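User: I have a model open and would like to go through how its parts pack. Can we take it piece by piece?

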Amino acid sequence: MNNPEGRSKNFIYEIIDDDMKINKWEAKVHTRFPPEPNGYLHIGHAKSICLNYGIARDYNGKFNLRFDDTNPEKEEQEYVDSIIEDVKWLGADFEDRILYGSDYFEQMYQWAIELIKKGKAYVCDLNSDEIRSSRGTLTEPGKNSPFRNRSVEENMDLFERMRKGEFPNGTKTLRAKIDMASPNINLRDPIMYRIVHEEHHRQGSDWCIYPTYDWAHGNEDSIEGITHSICTLEFENHRPLYDWFLDQLGVHHPQQIEFARLNLSYTVMSKRRLLQLVKEGYVDGWDDPRMPTISGYRRRGYTPESIRNFAEIIGVAKRDALTDIALLEYAIRDDLNKHANRVMAVLKPLKVVITNYTGEEELEAVNNPENIEAGTRRVPFCNELYIEQNDFMENPPKGFHRLIPGGEVRLRYAYIIKCKEVIKNEKGEVIELRCSYDPETKSGSGTSTKKVKGVIHWVSAKHAVDAEVRLYDRLFTVENPGADEDWLSKIYPNSLEIINNAKVEPSLKSSKPLDKFQFERMGYFCVDQKYTTKEKLVFNRTVTLKDSWKK
RNA sequence: UGCCGGGUCGUCUAAUGGCAGGACAGCGGCCUUUGGAGCCGUAUGUGGAGGUUCGAAUCCUCCCCCGGCAGCCA
């Protein structure tokens, strides 16, 4: 049950296995995914979602979606909506549990009062500069705040008045009284509440004091009865603080486990940077198909299955890693190879006239050789076709299997043709090919023993449908742009190529947004959901086919 | 520099004192009416030095390297 696919267990499963053995938490498992609604979810969040949901599923436990919405200055309803959509799309089942940390503000407030009464928290009048300078450094201890020893009564009074809104932003904080000399800076009297007179996307103007993440996060997990609070490595240093809070309160105390966040080559993953790409117009919104966001991958043609499988492939560990984007591409190719129907589409058309063919006919084509149940379709053929410009070369290099002057090639599902004449314009560019076809070589007829090395795709010029095709490449020129201060200068200027005169086979006329296809020999493509209209089909290239042809 | 964490093929990840394995990428071959897919094969790795042990990626010591932390962000 712990490793349904027979994969080896990651270290978190081993921890949980041990917990189950000793009946910790009455042998129950309850996980959660706790995003802050200050941006769209990215593939790194997908890793976390798959991990947390996967654990709940594998141990017959529960999985919550909980918004960590403690900072009204950065959070918006639009982000809440997108996050819910993305988590659902990924297939992580939170049942009816869409929860909000901000719904626990009153409980947290009461707990803060409890700590004040125990002498474990105090109201501090230092401003943010003063707090910073008295915190000490990595190597020197901090200094106690002059307000550290206020009486319980005074603290209670001040804290209540903070809540009532008597003080302006930044003038007072509530701090935990721990140890200003702790070698762990997080324990140097961390701030629990700050004053922020700001409308909250969910709580409106009910509050003007907001809990910090450090104070809120562990409380939220505790309130929800989370057993295993799984988070990323940067919170490792905070664990002693969460432990301290929960122990002071004597409430349910989840076990925090940290794992290494995902880094993907040739992209950036921080929400701050993704927001900048969006805001400054480097990309076409959060769901731009070049973005590593879940909505970007969805629009690009990725499937939830492929992303889940990717999460499985990369595993979970504690060491920092930079995962090769090839692993993600493998996951989507693997899925689409099995499930996407094949069609023919010519991205850069070159006209071919078959001089000895008259009339027209329909040829039978297989929809998916990996899945016979996908059936067949009929593709119209006539004496005027388009083939890919790249599939013809006047002066081919050695090993070129496609059309050359005087050479033969098979038209997929049709006939073998021979190039008789090359027609050029004034500039010397090839604009048309005159070819003859061999009627004995009809695909599947068995009437010919002729063998040719090359098979190329084509569409009937008379029947073709016009389409726009968008080819995407990596967004950055360097493997790890996030490590570079000057990361914006590493944006790849040709990451999007728009082809507006592609010709696709007529069966595609009825395709719907997000429908996925393999354009034979070209790659996997998906009908764009943003720009496709009744009049105009727009396709996004999800990923190329692996191509072993090297010139 | 204080504290915390981490170093295994090019990349990601297993091996929990007993043959360093898998996936991706690469390379070679087979097959193929997609130069796709599939199949077969193949090279490449335990940061370093000592120690314990019949036996060490694993345990011990020292060293080196990498990441995180000094927001009223999360």
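User: Which strands does helix H2 lie across?
Analyst: Helix H2 (residues 43–58) lies across E1 and E2 and runs at about 160° to E1. Axes are lines fitted to C-alpha atoms, for helices over the stretch in contact, and angles run from 0 to 180 degrees between N-to-C directions. Helices (H or I, at least four residues) and strands (E, at least two) are DSSP runs, numbered from the N terminus.

User: Where do the coordinates and numbering come from?
Analyst: This is a predicted model, in which local features need pLDDT of at least 70 and side-chain atom pairs count only at pLDDT 80 or more, while totals for chains, interfaces and linings use all residues. Residues are numbered from 1 along each chain as its sequence is written, chains are lettered from A and ligands numbered from 1 in the order in which they are written, and side-chain values use heavy atoms, with hydrogens and water left out.

User: Back to the strands. What is the order in the sheet of 3 strands?
Analyst: That open sheet runs E1-E2-E3, with parallel pairing. E1 and strand E3 (98–100) are the edge strands, each pairing on one side only. Direction ignored, neighbouring strands are turned by 40° against each other on average.

User: How many bridges hold each pair?
Analyst: Strand E1 (residues 30–33) and E2 pair over 4 bridges, and E2 and E3 over 3 bridges. Two strands pair if DSSP finds at least two bridges between them. Thr-31 stands opposite Phe-63 in E2, and Phe-67 stands opposite Tyr-100 in E3.

User: Is strand E2 buried or exposed?
Analyst: 5 of the 6 residues of E2 (residues 62–67) are buried, so the strand is largely enclosed by the rest of the structure. Buried means under 20% relative accessible area, exposed over 50%, and partly exposed in between, with a 1.4 Å probe and protein chains only.

User: And the sheet of 4 strands, what is its order?
Analyst: E4-E5-E6-E7, an open sheet with antiparallel pairing. Its edges are strand E4 (121–124) and strand E7 (209–211), each of which pairs on one side only. The twist from one strand to the next averages 20°.

User: Which residue in E6 is the bridge partner of Thr-173?
Analyst: Arg-194 is the partner of Thr-173. The strands involved, E5 (residues 173–176) and E6 (residues 191–195), pair in the antiparallel sense over 3 bridges.

User: What packs on that sheet?
Analyst: Helix H6 (residues 152–164) does, touching E4, E5, E6 and E7, and its direction makes about 60° with that of E4. Contact means heavy atoms within 4.5 Å.

User: Helix pairs next. At what angle do H7 and H8 cross?
Analyst: The axes of H7 (residues 213–223) and H8 (residues 239–249) cross at roughly 60° and come within 9 Å. That makes H7 oblique to H8, on a scale where angles under 35 degrees count as roughly parallel, over 145 as roughly antiparallel, 65 to 115 as roughly perpendicular and the rest as oblique.

User: Which residues make the contact?
Analyst: From H7, they are Tyr-213, Asp-214, Trp-215, Gly-218, Asn-219 and Ser-222, and from H8, Leu-241, Tyr-242, Phe-245, Leu-246 and Leu-249.

User: I noticed Glu-220. Where does that residue sit, and is it buried or exposed?
Analyst: Glu-220 is in helix H7 and is buried, with a relative accessible area of 0%. Leaving aside neighbours within four places in sequence, Glu-220 is in contact with Arg-66, Asp-68, Thr-70, Gly-101, Tyr-104 and Met-108.

User: What about Thr-303, buried or exposed?
Analyst: Buried, at a relative accessible area of 9%. Thr-303 is in the loop between helix H10 (294–300) and helix H11 (304–314). Apart from neighbours within four places in sequence, its contacts are Trp-89, Ile-332, Asp-335, Leu-336 and Lys-516.

User: How far apart are Tyr-282 and Pro-493?
Analyst: They are 211 residues apart in sequence and 9.8 Å apart in space, C-alpha to C-alpha. Tyr-282 is in the loop between helix H9 (271–279) and H10, and at 36% relative accessibility it counts as partly exposed.

User: Last one, backbone. What is phi of Asn-23?
Analyst: Asn-23 has a positive phi of about 65° although it is not a glycine. Asn-23 is in the loop between helix H1 (11–21) and E1. Tyr-266, in the loop between strand E9 (255–259) and H9, has a positive phi near 65°.
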